[in-house]
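Here's a quick briefing on two ligands and the residues around them. Have a look at the structure, then read on.

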Amino acid sequence: SGGGDDDNGGDGTGDGSQIYDKKHISRVNQVPTNIQWNPSNPSSYAQASQNLLFDRFAQYNLAKNEFVPYAVTDWSFGDKSFTMKLRDGLTWANGDAVTADDIVTQLKLGMHTGTGYADYTKSIEAKDDSTVVMHFSQPVNKTIVKFQVLVNNHVQQKKSVFGKYLNKIEKDEKSGLHELQNFAWKEPIASGPFAFESTSQQQVVTKRRDDHPDSDKINFETYSYLYMEGNQSVYNAMTSNQIDSVATAFTPPHILDQLPKSWQEIKFPSGVGYGLVPQFDHKHAGDRAVRQAIAYVLDRKAIVKNAGPASKKPAELSVGIASSAVDKWLGDSRNDFTDYGKSESKTAKAEAVLKDAGYKKQGGTWHDSDGDVVKLPVQVPSGWSDWVTATQTVVDQLNSFGFKSSVDGRTFGNLQGQVWPNGNFVLASGSWLPGGGQATFPYFSLRQMMLENYRGFTYNYPAANENRGGNHGTVTVPKRGGSGEMTVNPSERLKAMSHATDEAKVTEIAVEQAWVTNQDLPMLPVAEKQTQSFLTGDVWDIPEKGAEVSKVRWPETWLPRLGKMNYASN
Amino acid sequence: MANYYVKRTARALLTLWLVVTLTFGMIRLLPGGPLTQLRGKLIRQGYPPQQINSIIETYQNLQPDAPLYAQYFDYITALLHGDMGKSFTYPRTVASIIGEALPWTIFVMVTATIIIFAIAIVWGALMAYKEGTRFDMVSSSLSILLSSIPFYVLAIGLVVLLGYKFQVLPVRYRLSPGVEPGFTLQFVTDALYHAFLPIVSLVISGAGLQALAMRGNSIQVLGEDYVRVARLRGLSDRRISVWYVGRNAVLPMYTGFLTLIGFNLGGSVILEQIFTYPGVGYYLFQGLQNRDYPLMMGIFLVITTALVLSVYIADLSYGRIDPRVQSGDSSEAY
Amino acid sequence: MKRTDDSNAVADGGSRVEEFSFETTTSDVEVTWKERLGDFYTEFVYKPGLVAWDDRRTRIGGIILTVYILIGTVGAWFYPEPISNQVPRNLAPFQDWSAPLGSTQSGVDVLAMAIHATPSMLIMIATGGIFATAIALVIGTVAGYSGGTVDAVLTSFSDIAMTIPGLPLIMVLAVVFRPDNPVLIGILITVNYWAGLGRSIRSQVLTLREASYVEASRTMGVSTPRILFKDIIPNLMPFVLVNFANAARYVVFTSVGLYYLGILPTSVPNWGIQLNNAYKQAGALVGTSALYQLVVPMVMIMGIALSLILLAQGLDRVFNPRVRTRLAGESSSLEESDENTEVMSQ
Amino acid sequence: MISEQTNVHSSEVTDPILSIQNASVTYDDGESYVLNDVSLDIGRNEIVGVVGESGSGKSMFAETILDAIPDPGILEGRVVYRPDGGTEIDVLEQSDEGLRSMRWEQISMVFQGAMSSFNPTMSIGDHFHDTLDAHDADRTAGMERARELLSDLYLDPERVLASYPHELSGGMQQRALIALSLVLEPDILVMDEPTAALDLLMQQSILILLKELREKYDLTMVFITHDLPLVAALADRLAVMYAFDIVEVGPAEEIVDDAAHPYTRALLNSTPSLNAPLEEMRPIEGQSPAPINVPDGCSYHPRCPLATSECVRNDPAFETPSPNHAAACFHWEEAREEIALNYEDLLEHPSERPGGEDR
Amino acid sequence: MSDAPLLSLKNVEVHFENEPGLLDFDGEAQTVRAVDGVTIDIEENDVISLVGESGCGKTTLGKTAIGLQRPTAGSVEYKGHDIWDIRDGNSDADIAWSDVRRSLQIIHQDPGSSLNPNRRIVSILSEPLRQVSPGLSTGERRERIYSLLDRVGMSPAPDFAERYPHQLSGGEKQRVVLSRALLMNPDVILADEAISALDVSLRVEMMDLMLELQDVFDTSYVFISHDLSNARYFTEHGGGRIGVMYLGKLAELGPAERLIQNPQHPYTEVLRWATPNLGMNMSVTSDFPMRKIDVPDPINPPSGCRFHTRCPKAREVCTRETPDPISVDESSEAACFRADERHEYWNSEPLDGVEPESDPGSTSGGVEMD
Ligand SMILES: Nc1ncnc2c1ncn2[C@@H]1O[C@H](COP(=O)(O)OP(=O)(O)OP(=O)(O)O)[C@@H](O)[C@H]1O
Ligand SMILES: Nc1ncnc2c1ncn2[C@@H]1O[C@H](COP(=O)(O)OP(=O)(O)OP(=O)(O)O)[C@@H](O)[C@H]1O
Ligand SMILES: [Mg+2]
Ligand SMILES: [Mg+2]
Ligand code: NI
């Protein structure tokens with residue numbers, strides 16, 4: 001269980017005055033000796049501990065849908081600029097102060113490695129020791145900047161360590177990048193409240209710092225990550241109290257039931273969705289009538305119930321907007337949208353759509369006007385068990401409707417490497433949401449749906465980017481709330497959205513493009529995933545169940561910083 | 001004699017070379033070249049597209065897109081220098097991964113195989129000695145029954161029962177957290193403690209068939225004239241059972257023993273997956289999943305070398321332990 | 001020197017020197033195709049069956065295998081296919097007769113999954129076994145019988161095939177070819193399994209081809225293929241049969257393992273997929289509530305493996321003429337005396 | 001145990017070193033007799049040859065002497081061993097330990113087929129060591145004796161001791177086995193077809209060596225073979241077995257020159273030999289019986305040309321054509337008259353033997 | 001061509017190359033000279049018996065004669081044509097290889113192992129008929145088989161025909177083997193120790209049967225045995241010759257009676273000594289007629305006359321010169337200097353352990369005719 005020896009207990013009145021020689025154990029799913037902490041090097045980049053070791057510029061609270069300042073305490077927008085103010089007293093674990101130069105180094109490295117803000121950023125400079133300014137080439141939507149700069153960055157690439165790579169890159173970009181991306185940072189200098197201590201085969205060990213601005217909120221000495229692979233191991237470790245927190249683990253209800261009472265599940269939308277990606281070149285999947293029929297047939301709620309009701313929700317509406325944000329962005333216009341049936345199989349509607357388009361049902365199976373059977377195999381990464389279950393159910397529903405469907409399970413690598421880039425599929429399971437807090441902002445999710453699913457599928461949607469087989473072309477759909485048709489260019493409209501600083505304009509484009517996705521169905525949204533994080537309250541003081549403060553990604557590294565996850569001394 | 005050794009060694013080397021070449025070619029056949037795989041991996045880790053492109057470009061210096069013959073040539077020369085390249089997945093060289101993982105796999109597999117044979121020989125001999133008795137009947141049935149369980153099914157069963165239900169034995173990892181490798185008692189006992197279930201599942205599911213083989217051999221040897229004559233010569237039962245029956249019954253199993261070690265190394269892919277035991281099998285599976293070409297090729301090669309080596313040793317040493325085998329081809333293990 | 005025509009040279013004088021003619025016998029020997037069919041039946045069905053039934057191991061093994069074949073044919077024909085939500089989710093076994101062995105978290109009947117995994121498994125076993133033994137037989141006999149360069153080439157070929165680690169090789173190939181056809185999977189799994197077998201067949205052929213009766217056939221000018229089919233291969237049959245069963249067991253173990261690891265496509269039902277599902281999704285390891293999902297496929301795997309092992313233990317007797325004639329009740333009195341002459345003749 | 005007097009023949013031996021009395025071996029729970037109430041005395045220092053067709057029970061007889069019938073055979077009767085000046089030992093009553101030390105030290109045995117009598121994975125020398133150790137004999141002295149024995153048998157001791165069995169030719173193995181059987185200086189050597197697998201030249205050579213060994217080591221030998229002419233030259237006495245029983249016993253010369261039992265005579269006639277007239281070599285018609293259905297009465301009656309109804313009904317007792325000669329036949333006198341031996345002429349006129357000059 | 005012998009072996013040599021073994025430290029390839037320069041003719045309806053010690057090359061020579069073993073030197077001619085030329089298609093003869101093959105058959109020593117245990121007798125015996133008369137129907141084939149089985153004394157034939165080999169006694173098996181060879185209607189049958197495995201009492205019967213069928217089927221026999229008395233019986237009845245082999249060479253060749261009554265080669269005398277002989281001198285001669293028991297290694301055969309290391313009459317010249325076959329009479333020859341009264345042998349020094357002996361003619365008298 002969580003603690004070490006507790007001979008240190010005593011006169012502590014809490015609140016950081018008394019430090020306990022206790023160890024908090026969390027979970028990592030990488031072999032610890034392989035982990036490294038250079039974010040520019042994709043090989044074995046840390047997948048949990050980086051959040052503890054490095055301070056995030058700002059946090060995004062998914063309950064309140066707001067940005068929470070952290071390492072950057074203040075930010076402001078100019079016409080074409082963005083200014084950030086660093087927190088006072090921020091230091092690296094080796095004692096050096098965190099300076100604006102460090103941040104500039106990091107952001108500039110990001111420019112070279114092509115992070116999101118590289119698109120519109122012209123230059124980055126340190127105004128003074130604690131102020132950083134980014135200059136843009138044109139006005140940019142603030143929400144986009146906040147997500148791409150504040151939420152997605154940690155105070156991490158210290159100039160004394162990474163400066164030399166930047167110099168090199170500025171001289172010779174190619175070889176400099178090569179060196180940077182091959183640099184494995186195995187003994188990182190932390191900026192967060194815990195400093196790196198050691199790695200071994202089984203664990204990563206970090207020690208509480210004294211000189212972090214939030215140090216006084218933390219009353220335990222050690223924070224370690226225990227290596228654990230597979231959900232089964234995690235369940236086992238949780239039931240036997242071998243660990244104290246888990247950042248994310250897909251946990252079905254009957255396992256939840258078996259967990260000791262002290263465990264608290266923190267659930268929030270992960271911003272990842274399960275949906276079907278049609279191949280638009282395909283005779284049937286490329287036919288809007290078939291896509292709509294599929295959408296009618298699918299009983300999203302039943303699918304979710306099979307694949308894990310504890311961690312999934314059915315997609316609210318078949319549009320490119322996360323369920324929680326649908327009301328906010330669509331408002332009253334929501335009623336205009338086609339409801340394909342969230343918790344039922346609207347087979348009559350589906351039949352009608354198909355028959356209108358010239359399909360016929362013969363001997364229980366749908367044929368097109370040429371007499372070809374409608375065959376709809378669905379691909380799924382075979383290792384992703386909940387996706388496999390969902391896909392199995394999708395297939396069964398399609399089959400009982402009269403399509404010929406089957407599960408086509410392949411390794412993710414195979415799909416990713418061979419199948420999707422070449423369009424070798426009819427329907428593929430894929431995410432229709434971009435992941436994380438940004439999923440709540442329609443710009444990101446609509447892009448994901450129509451233009452640039454950077455998970456790498458190709459589906460030859462006309463509006464899509466070239467690397468998805470599209471040509472940034474136009475799409476024609478019926479007019480919303482009336483007769484006639486409308487033809488729009490989604491690529492151009494979304495670009496306009498990214499530069500719109502005016503909320504009304506953003507909303508207008510969001511509703512318009514949501515309508516396009518609702519009618520044309522470039523993807524078929526099915527479910528949204530919930531992240532399940534776990535904390536134990538057996539020897540730890542943690543926020544009460546359902547507290548808003550916990551609803552951030554990586555709560556087990558966020559709460560200690562707020563003094564909301566401490567050793568329970570009594 | 002020198003002649004034979006030279007010939008056999010040359011053949012082992014040739015086999016090795018062919019397997020290296022074959023392995024190289026085969027893994028190149030995998031769908032998705034290394035770059036597309038890498039791209040997929042980066043995407044999964046949430047890297048934005050532009051960044052991915054730049055990473056990929058830098059990887060191009062590693063020239064996975066160079067002409068095959070050049071890659072092949074580089075690969076062979078590097079191999080000869082003991083360099084198996086750098087893993088795509090892990091920030092380490094393949095050699096260091098293997099160097100760190102292999103001893104553990106070998107430890108588990110060799111221990112398991114030795115125990116399998118020790119049990120099989122004693123048990124099989126006892127069955128043969130008591131042929132036709134109740135003991136023989138029960139033992140034969142039991143060994144057949146045990147052999148019908150695949151080791152991984154047994155492993156899962158043991159994990160459920162001893163690991164999760166009763167929590168008496170560890171079901172994952174090579175060591176407990178905090179225990180560091182070294183020549184300490186704690187390390188050794190902890191390593192054994194963690195290897196216990198993997199070894200037990202191999203032993204239980206593997207010993208039965210070998211015991212039956214030993215039983216068959218022993219029954220045959222027991223019927224040989226020289227055993228009868230040895231009894232008539234008044235030799236002690238001990239002497240007869242070890243040197244007359246045992247030795248001659250074990251001899252045919254000797255090659256099987258060495259090849260089983262090599263074979264088990266291949267089986268470690270499943271076993272180490274179940275027990276999250278980061279040995280070469282574990283890394284091979286990871287490499288396969290991630291299309292980590294250098295890692296896959298390296299491990300594949302190591303396992304192959306182990307097999308070639310064990311067959312080679314079996315061939316060469318069989319002539320030493322069985323005096324009947326003298327010349328040329330007939331001394332081969334098969 | 002020419003032999004003298006002196007009839008005294010023959011012990012009995014001239015009386016025995018009569019022209020021998022084949023037509024002296026009065027027996028009218030006619031063989032109809034019906035008789036041949038009958039012969040075939042007795043030789044290849046009735047008597048092997050008799051021998052197999054006589055041995056407890058083959059009897060039990062045969063019964064179990066027959067049960068699996070029934071499950072795989074009749075069972076799979078009648079029992080509904082596994083579909084999600086065909087029954088309520090997470091039913092415990094023996095609770096509800098709509099899913100006698102319970103259901104999964106997506107409402108799939110566990111028994112239906114187990115039953116419908118059988119046909120493709122049987123096909124896999126059969127093709128794997130046939131492929132491995134057939135290739136081994138061809139390579140082993142050709143190499144052993146022809147000798148020389150052919151032998152050297154084929155033997156080196158098998159050597160190399162043998163030294164490639166089986167499971168890793170299969171995994172790589174499975175990823176490359178993504179076979180979902182059970183026939184292909186069976187072949188894939190035994191892709192280098194035959195090599196060891198081929199070597200042992202070769203060494204047996206090396207001995208057999210020196211056997212006097214093979215030499216006699218050669219002396220008579222019998223064609224090589226005919227010698228192989230009539231003299232060599234029948235004598236390898238016991239060995240081949242046993243190894244067929246062993247190869248089949250290997251196919252079961254390996255395919256289930258690969259399905260379990262998720263390396264083979266999941267489009268065909270398989271016990272390994274069931275195991276995987278139970279392990280990874282149903283959380284069968286923790287607690288006991290989903291244990292049945294693990295136990296059902298395990299029992300299915302072990303049952304068929306057991307039948308194959310039992311068959312492997314006893315099948316070598318099936319084509320042993322001594323055993324079959326004894327069991328068929330043909331003149332047995334001579335057997336003992338025969339063994340004596342063999343003792344003496346050595 | 002001594003129930004049927006009929007089977008005790010009167011071929012008397014004074015002071016036998018070994019006497020086998022009414023020995024029977026049964027298999028299949030007494031269903032099949034493979035040795036049927038056999039009695040034979042073996043005199044000190046003599047060579048007794050036992051001959052018979054294949055399957056007639058010769059090996060069983062040899063194994064009886066050492067109480068070494070293979071399982072699950074059941075041996076009944078008595079085997080009495082009288083060492084020089086020692087007390088009688090009833091072999092079949094010996095404890096396991098007693099039997100273990102008696103075998104090879106006092107009575108040793110050479111089996112049919114030398115190749116299979118040696119452990120293929122041990123050198124010949126190790127076999128000697130093992131044997132000496134097992135009987136707590138002195139190794140140095142024992143090996144000295146082994147070397148001498150090997151040289152006596154015309155073998156190169158050092159080379160042979162260092163060799164593995166398969167490195168020796170059949171003849172050499174057989175001689176090495178004989179040396180091994182004599183290394184503990186036993187009184188009696190039982191040999192079961194020791195030369196069957198060898199060519200005639202080697203067989204003859206070994207016979208000569210055996211004769212020499214007998215002189216040198218004061219051995220008593222029981223030599224079992226199916227080859228009557230071979231053993232006739234070596235043995236002092238011959239016992240002829242038919243259908244699991246001894247049918248005739250007598251001095252070798254007398255058996256060859258004037259056998260009394262029709263079977264013996266037929267056997268002699270059926271044996272090709274160098275100088276008998278070719279026309280008179282005759283096979284014995286019919287087959288010898290299997291253990292399960294031995295004919296009642298005289299077991300040879302179905303093949304015997306002289307058989308009468310008496311032979312069918314009664315098992316003949318031993319008759320004594322001459323004091324040291326016994327034959328179990330009612331018609332032995334007729335046999336001598338009616339069944340001519342094909343080499344009889346030669347016996348009457350030894351000088352006419354072709355090519356019979358000194359060599 | 002019609003006067004050419006049926007089968008004629010000229011200077012036949014068969015050398016086996018042995019790979020050096022694991023324990024042979026010299027590592028040189030070794031040559032076993034199994035047959036070393038043998039010339040012999042076999043006529044129609046002839047009998048040639050080969051006798052000699054184990055390993056002297058009897059089987060190899062026999063197999064070479066019937067074309068189962070390719071000679072490394074010399075030729076084997078069938079009706080005047082080299083069979084290996086026919087085999088290789090280098091011959092202009094009007095004989096096909098398949099005819100040659102069919103004409104030369106074999107009977108092995110071990111009747112047990114020369115019958116395929118998995119085939120019934122009828123199937124085994126159908127095989128030759130298939131080869132010789134492919135057109136026969138199954139029924140006709142059976143008819144012939146039954147009649148032959150009856151002929152060799154296996155009645156009721158249909159019953160025996162349905163049996164497997166293991167259901168036959170040794171003698172019966174050997175009859176089946178003989179029948180199989182005869183059904184090929186061959187010109188020559190090689191009987192390699194064909195009767196050695198049988199009980200003594202069955203041997204005469206088997207030999208009688210073979211001879212009887214020789215007349216019916218018109219075949220010649222090459223009869224191999226290590227037992228001179230069997231060879232005598234067979235050869236004498238068949239009216240042929242016995243060849244005595246020693247270490248790959250033919251020591252002596254001649255009609256049985258002549259060879260046994262008046263051996264010309266010391267080795268023949270040794271063989272005769274070794275053959276037990278009922279009714280003769282019943283006690284074993286206590287002296288070996290040889291100077292050594294064991295046969296020399298065929299890999300390094302002795303120089304000169306190969307027998308000189310063991311020969312009781314060897315003289316110095318025997319170690320140097322190899323004796324050529326010397327005609328003893330029209331049908332026999334011996335490869336010993338002693339057969340030549342004028343040879344320098346007689347003046348040569350006896351070797352160690354050889355009893356001196358003076359003039360020729362005193363021991364080996366004139367050639368006796370039978
Ligand atoms: N283990 C046994 N079980 C049953 N019967 C046996 C056994 N061993 C031998 N016999 C039978 O005992 C009889 C005598 O066998 P034995 O070995 O003494 O014959 P033999 O005269 O030595 O023959 P050979 O010359 O072939 O060695 C044979 O009929 C044989 O079938
Ligand atoms: N295939 C072979 N390869 C190598 N050496 C051989 C081969 N066949 C025979 N020999 C050797 O040739 C010699 C003569 O053998 P062969 O079989 O002709 O003798 P044999 O007279 O028939 O002996 P036996 O009486 O034991 O049958 C032997 O030394 C034997 O070892
Ligand atoms: Mg015997
Ligand atoms: Mg031979
Ligand atoms: Ni001509």
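In this predicted model, a backbone N or O atom of D:Gly57 sits 3.1 Å from an oxygen atom of ligand 1. That's a polar contact, meaning a pair of N or O atoms within 3.5 Å; within protein, one must be able to donate a hydrogen and the other to accept it, and residues adjacent in sequence count only if both atoms are side-chain atoms. Residues from chains C and D surround ligand 1, so this site is shared between chains.

**Ground rules**
- Residues are numbered from 1 along each chain as its sequence is written, while chains are lettered from A and ligands numbered from 1 in the order in which they are written.
- Local features need pLDDT of at least 70, side-chain atom pairs count only at pLDDT 80 or more, and totals for chains, interfaces and linings use all residues; side-chain values use heavy atoms, with hydrogens and water left out.

**Ligand 1**
- Ligand 1 on its own exposes 630 Å², and the protein buries 80% of that (areas come from the Shrake-Rupley method with a 1.4 Å probe; for residues, only the protein chains shown count as cover).
- Around ligand 1 there are 16 residues (a residue counts if one of its heavy atoms lies within 4 Å), and among the closest are D:Ser54 and D:Met60.
- Helix H13 (333–345) of chain C and helix H1 (58–65) of chain D each supply at least two residues of that shell (helices are DSSP runs of H or I, at least four residues, and strands are runs of E, at least two, numbered from the N terminus).
- H1(D) gives the most, with three residues.
- By class, the shell has six nonpolar, seven polar and three charged residues (Ala, Val, Leu, Ile, Met, Phe, Trp, Tyr, Cys and Pro count as nonpolar, Asp, Glu, Lys and Arg as charged, and the others, Gly among them, as polar).

**Ligand 2**
- A polar side-chain atom of E:Lys58 lies 2.8 Å from an oxygen atom of ligand 2.
- Taken alone, ligand 2 exposes 630 Å², of which the protein buries 63%.
- Strand E1 (7–18), strand E2 (30–42) and helix H1 (58–65) of chain E give two or more residues to its shell.
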